Amino acid sequence: MSDSESASFMPEHPPVTDWVHDFDHTDPTWTENPFPIWEQLRAASPVVHTERFLGCYMPTTYQAVKEIAYDTEHFSSRRVIVRDVRPDITARAPPITSDPPEHKPAKQLLLPPFTPDAMKKLEPRVRAICNELIDGFIADGRCDAAAHYTKHIPVRAIAHMLGIPENDGDLFIKWIHEILELGIKDDSILMRAVQDMTGYFAGHLAQRRQRPSDDLISTLMQAKGPDGQPLPDEHVLGSLRLLLIAGIDTTWSAIGSSLWHLAKTPADRERLVAEPKLIPTAIEEFLRAYSPVTMAREVMKEATISGCPVKPGNMVLLSFPAANRDPAVFSDADKVVIDRKENRHAAFGLGIHRCVGSNLARMEMTVAIEEWLKRIPNFRLDPAGKVTWSEGTVRGPRQLPMLFGKNA
Amino acid sequence: MSKLKIRVDQDKCQGHARCKSLAPELFELDEYGNAHEVGDGSVPAGLEDKAWLAQTNCPEIAIEVTEE
């Protein structure tokens with residue numbers, strides 16, 4: 001389903017005229033260019049509120065985002081997407097939807113497979129994936145880098161880790177689009193996608209019960225919970241849904257935004273081609289300036305954040321991307337400085353919910369940019385095409401038309 | 001230059017691993033990916049800049065650098 005087709009199913013939100021008191025992270029203006037909006041909100045208050053989404057706050061400063069991220073007593077992770085509806089919680093995805101004390105044991109199960117050393121073992125496969133993709137379009141002198149490159153790298157990498165067919169990628173991308181974008185406004189689409197995904201993974205669990213394999217699904221199936229017993233299937237299925245949902249369009253977005261920046265900034269592109277050792281530092285800056293992931297919390301108890309009262313019954317749009325643009329913490333916060341030395345960015349979150357896949361994402365981003373620059377050092381945005389951005393929780397280019405080679 | 005000593009606060013570290021990537025000589029990661037200072041945390045001569053770089057890039061502000 002394309003974005004234009006699916007858009008017709010979405011109930012319309014009225015356009016925003018007063019961002020400070022009525023913000024909406026699904027508004028087309030926000031989707032297209034959120035940075036001036038965040039600046040306006042930050043100038044108004046460290047915490048702003050909207051009546052949309054049944055009531056939602058947004059911390060606008062790094063400090064306010066950090067206070068909320070560290071405060072698991074007043075703010076729960078049981079809902080991690082700000083949506084139009086707040087139905088009963090049925091499908092949990094531990095540890096992202098877990099609070100203390102359940103959070104730590106659930107998270108610790110997932111940490112060892114995602115350490116930097118584990119990622120080094122996966123790196124050659126990711127490098128090969130990138131080159132296979134580039135082989136598919138390099139002779140054309142043009143491509144939609146979002147549809148034909150950045151999208152497929154994280155899908156194939158996580159499929160490889162989980163031990164599921166890399167060819168099922170289109171299915172995963174459809175579910176993720178339904179859960180993270182369409183699901184904000186239509187609960188039935190989200191529920192169906194979650195069910196389909198659960199059924200898909202239940203099939204893989206059944207297969208491995210017959211024939212255990214050496215992959216992440218088997219690792220989770222063999223893991224023991226805090227009580228020393230194997231994890232219930234419900235927990236394993238929830239964690240698998242999480243890995244698929246969190247592992248794909250996040251990194252797809254991060255690689256896409258990095259390439260988008262390099263396509264329109266020849267000086268940075270030329271410098272990284274000449275100094276590939278700078279790429280990891282540049283990747284941290286792309287993560288800061290174009291952080292893809294906005295999380296959510298639910299207010300459980302009355303609290304005060306950066307001097308602002310916050311009341312239960314509301315959600316919180318936990319915008320790490322906005323925190324990373326706060327000039328109180330980052331000099332030249334609105335500029336992309338690819339050799340930025342001090343960069344305490346929070347693109348992967350702060351506190352106990354630090355992204356479990358951060359080492360995977362960094363490796364994929366670094367390899368994807370290295371391989372692209374090696375083979376396509378000279379490229380630009382296609383002026384005849386249009387760059388489009390995803391809506392809502394994860395921000396990144398979904399169409400990224402590029403010219404290179406004979407067209408550069 | 002005075003001698004530096006580093007310490008990773010285990011209550012604060014969340015395993016972002018920025019320190020390990022910026023100063024691999026000074027930090028090691030455990031099986032969960034959380035960082036620990038190598039040995040007693042003494043910074044060998046010549047690695048002072050890396051110690052400060054790790055400190056200023058830790059998102060959780062979990063790294064303490066002290067001058068002895």
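User: Where does B:Ala17 lie in chain B?

Analyst: Residues are numbered from 1 along each chain as its sequence is written, and chains are lettered from A and ligands numbered from 1 in the order in which they are written. This is a predicted model, in which local features need pLDDT of at least 70 and side-chain atom pairs count only at pLDDT 80 or more, while totals for chains, interfaces and linings use all residues. Helices (H or I, at least four residues) and strands (E, at least two) are DSSP runs, numbered from the N terminus. B:Ala17 lies in the loop between strand 1 (4–8) and helix 1 (18–22) of chain B.

User: Is B:Ala17 buried or exposed?

Analyst: A residue is buried if 20 or more other C-beta atoms lie within 10 Å of its own, exposed if 12 or fewer, and partly exposed in between, with C-beta atoms placed from the backbone. B:Ala17 is buried because 23 other C-beta atoms lie within 10 Å.

User: Which residues does B:Ala17 touch?

Analyst: Contact requires C-beta atoms, placed from the backbone, within 7 Å. Leaving aside residues up to four places away in sequence, B:Ala17 touches A:Pro116, A:Asn359, B:Leu29, B:Gly33 and B:Ala35. B:Leu29 is 12 residues from B:Ala17 in sequence, and their C-alpha atoms are 7.7 Å apart.

User: How many residues of chain A are in contact with chain B?

Analyst: There are 20, in contact with 16 residues of chain B.

User: What faces does strand 1 of chain B have?

Analyst: B:Leu4, B:Ile6 and B:Val8 form its covered face, whereas B:Lys5 and B:Arg7 form the uncovered one.

Conventions:
Two residues are in contact if their C-beta atoms, placed from the backbone, lie within 7 Å.
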